Amino acid sequence: MQPSYIIALIAIYFGVLLFISYLTGKNDSNTDFFKAGKQSPWFVVAFGMIGASLSGVTFISVPGWVDASQFSYMQVVFGYLAGYFVIAYVLMPIYYRMNVTSIYQYLEDRFGTVSHKTGAFFFFISRVLGASFRLFLVAIVLQKFVFDAWNVPFPLTVTLSILLIWIYTFRGGIKTIVWTDTLQTLFMLIAVGMAIYYINDKLDWTFSEFLASSELAEYNKMIFTDSILNKTHFLKSFIGGMFVTICMTGLDQDMMQKNLTCKNTKEAQKNMISFSIVLVVINFIFLLLGALLFIYADRFDIATPMMDGKTRTDLLFPEIALNTGLGLPIAIFFMLGLIAAAYSSADSALTSLTTSFSVDFLNIEKQEESKQKSIRKKVHLGMSAFLVVVIIAFKYLLDTNVIDGLLKAAGYTYGPLLGLFAFGIFTKQQVKDQWVALVALVSVVLTFIIGSLPPEKLGGYVFGYELLLVNGLFTFIGLILIRRK
């Protein structure tokens, strides 16, 4: 697909998003920007959250991970499902009862100001890294398949990507995103379906023949129970996935901000449960796509793309969709799906970072009403610039599969949030608030030290995503040590 066609496609796509932004952002109030007036239909939120949860990471990185990990990711996905039920029936009632704008306001009510700021700080770090991981993916694809041909430098590619998001979110905020996410989810799912259809057709298979093929059998091992010492053991993956979801959705302002736009707790719970069940099926389809990509690459001797001297399995899907003669339709739908998947999470991340920084650090709700909108817009612009810097840094620092890197980072940054919320919900004790930040920092350091130990020091045990639980446990124990008598 010619780079000029891709640019034209992006322009049309963002034209549609800007039209939606115009319709939803007419009010331009902080209430709509932060909470969408609490009038979002639950089924619209649920459908849009599919795209936001999957993002460009799932769209590209999960299929690219199949060669190294087979279908072991489904063990994590089953854990996700359990985590969503915890969110729906433990966390959501708390947030709705308190009528919070930022979910970290709960920590101030429960423990004090330092706890509130500590929780918001760790969300800020977590979401900056998460959003940057996701946008980094779409940026390197656009760079390799579009802008390299025009000698456009990578920093400019990133800046343009963030600028486009800023343009369509700076007025309507979360109210705009609830509706743009539905469109982006639709494009992403169509893209996956089209890719599976066209690749199977090129291989002279029907979908049922693909499912029964011996080639698929080489990739589709899903449950690993050989040794608890291994990183991919089912129990470790399931528990890790459950707590990743509890933290990256239930304790994350980005994901919960959408849920808090529903009218009441019951509608938000319907949204969460329906969306989580569908998500399991869709993740399995992405893994099927991954196996199909590697089968196709092997059949037609297609090399895994390289970038900056590193093999990038994340780029196999775009390589096959755009450069192997599958036809213009799949190239068009791939680009639409990629852009939709990446921006459906990045736009809400930018909005949630703006919300959290404004509410949690600048106390915007206590400022003069005449100044509140101006503060929000300045913060929104500042967050955009900060994301640009972090994404550019990733190009030179990241040397792992993006989905793996994202989940590893979550283990360090979301652990203190897990410990703080768990202590607040499941105990009635108070803590010495001034020591909470130190407890959280020590927990991260201890977790990093343990996670960095070579397996031979741990009797052959390899830590996986359960490091998140370990981190949360350290924080919980630390809070016990600083509790008020």
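Tyr95, Tyr104, Tyr106, Phe123 and Phe421 are joined into a cluster by ring pairs (rings of Phe, Tyr and Trp, the last by its six-membered ring, pair if their centres lie within 6.5 Å; planes under 30 degrees apart count as stacked, over 60 as edge-to-face and the rest as tilted). The structure is a predicted model, in which local features need pLDDT of at least 70, side-chain atom pairs count only at pLDDT 80 or more, and totals for chains, interfaces and linings use all residues. Residues are numbered from 1 along each chain as its sequence is written, and side-chain values use heavy atoms, with hydrogens and water left out.

The structure holds 24 aromatic pairs. Among them, Tyr197 and Tyr198 form an edge-to-face pair, because their ring centres are 5.4 Å apart and their planes stand at 85 degrees. Tyr197 counts as exposed at 53% relative accessibility, and Tyr198 as partly exposed at 22% (buried means under 20% relative accessible area, exposed over 50%, partly exposed in between; 1.4 Å probe, protein chains only). Phe317 and Phe334 also pair edge-to-face, at 4.8 Å centre to centre and 70 degrees between the planes. This pair links distant parts of the chain, with Phe317 in helix 14 (residues 316-323) and Phe334 in helix 15 (residues 328-361), 17 residues apart (helices are DSSP runs of H or I, at least four residues, numbered from the N terminus). Both Phe317 and Phe334 are buried.

Charged side chains also sit over rings (NZ of Lys or CZ of Arg within 6 Å of the ring centre and within 35 degrees of the ring normal). The charged end of Lys236 lies over the ring of Tyr461, 3.9 Å from its centre, and that of Arg299 over the ring of Trp205, 5.4 Å from its centre.

Technical notes
Helix = DSSP H or I, 4+ residues; strand = E, 2+ residues; numbered from the N terminus.
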